[in-house]
Amino acid sequence: MDFTGKVAVVTGGANGIGRAVSLGFVERGAKVVIVDRDAAAGEALAAEIGKAAIFRAADVTRAADVAAYVKAAVDSFGAIDCFHNNAGIEGRVAPTAEYDEAVFDAVMGVNVKGVFLGLRHVLPVMIGQGRGAVVNTASIAGLVGTAGMPAYVASKHAVIGLTKVAAGEVGKLGIRVNAICPGPISTRMVQDIARQVSPNNPESVEETYASGIPLRRYGTAEEVANLVLFLCSDLASNITGAQYVVDGGRTAAPAGVA
Ligand code: NAD
């Protein structure tokens with residue numbers, strides 16, 4: 001996977017999965033535009049990488065911010081070859097019967113509208129170029145339900161829907177759009193969820209959940225990045241409109257009896 005001469009944009013690129021993807025692109029020769037609302041982490045990562053990276057502070061729910069990071073990418077590096085549409089939030093853990101309306105709106109805002117706005121502003125650039133690859137970050141929560149996370153599950157199902165629609169629209173131009181469905185990955189997000197589920201013993205949540213995963217562990221951000229890079233690369237030249245699971249086997253074979 002060689003991205004020499006390519007330009008990648010990664011939203012939610014300052015931390016967790018997006019950070020690993022940003023570093024992975026740069027290691028393989030790309031220039032990267034790191035987009036995040038966490039300016040401190042984003043600036044620090046761009047400084048660590050050096051001149052192959054720029055950071056743009058943005059809230060992906062705001063169209064003006066999205067237009068600005070797309071313009072910054074084109075102005076700075078001349079194109080957008082790869083787009084990892086990745087920023088997301090988990091919301092609160094609560095049953096549907098008690099779920100807070102404002103939290104529901106916030107989760108849908110980042111995870112659905114943010115992904116839509118990314119596509120809305122990046123696809124015209126890729127259409128103009130006649131090339132490009134997009135990876136939207138869904139989740140295994142985009143494939144199966146999880147009690148206590150109605151907004152997150154609904155939002156990630158929507159990401160897969162947006163992926164299929166966009167893939168159908170731009171495939172004739174050679175532009176590919178795929179989704180990834182990570183299982184539990186050791187990032188701030190799952191640590192937050194664990195603290196909500198078990199404030200006094202968050203580590204127990206990982207132990208219990210991991211025991212139901214065939215590989216018996218959470219994944220790493222780098223393992224997810226490997227999939228994103230593959231889907232953005234020419235090795236995936238016939239893959240579009242697909243959703244790829246990277247979950248240690250969790251959805252294929254949840255805790256069995258043997
Ligand atoms: P993370 O919290 O480490 O990283 C998310 C990043 O997105 C942060 O840097 C945050 O500042 C940024 N962000 C959040 N809202 C934003 C906004 N409105 N505008 C701009 N940036 C914003 O979490 P992560 O685990 O790396 O999550 C990345 C993606 O992976 C998310 O879409 C998440 O839903 C998805 N995902 C994570 C897991 C997991 O287990 N960690 C599993 C499946 C899917």
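## Overall build

A residue counts as buried here if 20 or more other C-beta atoms lie within 10 Å of its own, exposed if 12 or fewer, and partly exposed in between, with C-beta atoms placed from the backbone. On that count, 45% of the 258 residues of the protein chain are buried. Keep in mind that this is a predicted model: local features need pLDDT of at least 70, side-chain atom pairs count only at pLDDT 80 or more, and totals for chains, interfaces and linings use all residues. Numbering runs from 1 along each chain as its sequence is written.

The protein chain has eight helices and seven strands, taken as DSSP runs (H or I, at least four residues, for helices; E, at least two, for strands) and numbered from the N terminus. Its C-alpha trace spans about 50 × 35 × 35 Å along the principal axes. Two residues are in contact if their C-beta atoms, placed from the backbone, lie within 7 Å. Among contacts with a separation of 6 or more, 69% join residues 24 or more positions apart.

## The core

A nonpolar core is a set of buried Ala, Val, Leu, Ile, Met, Phe, Trp, Tyr and Cys residues joined through C-beta atoms within 7 Å. The largest one holds 72 residues, and A8, V9, V32, I34, V122 and V228 have the most contacts inside it.

Take V122: skip its neighbours within four places in sequence, and its contacts are V9, V70, I80, F83 and V134.

## Around the ligand

The ligand has 28 residues around it, with G12, N15, G16, G88 and T187 coming nearest; being near means a C-beta atom, placed from the backbone, within 6 Å. Helices α1 (16–27), α4 (101–129) and α6 (188–197) are the elements that each give two or more residues to this shell. By class, the shell has twelve nonpolar, eleven polar and five charged residues.

In α2 (residues 39–49), the buried residues are G42, L45 and A46. They sit on the same side of α2, because they cover an arc of only 100° around the axis, going by the directions from the helix axis to the C-beta atoms. An α-helix has 3.6 residues a turn, so residues three or four places apart point the same way.

The cover over the buried residues of α2 includes α1, β2 (31–36) and β3 (53–57). Turned away from that buried side are the exposed residues A40, A47 and E48.

Notes:
Ala, Val, Leu, Ile, Met, Phe, Trp, Tyr, Cys and Pro count as nonpolar, Asp, Glu, Lys and Arg as charged, and the others, Gly among them, as polar.
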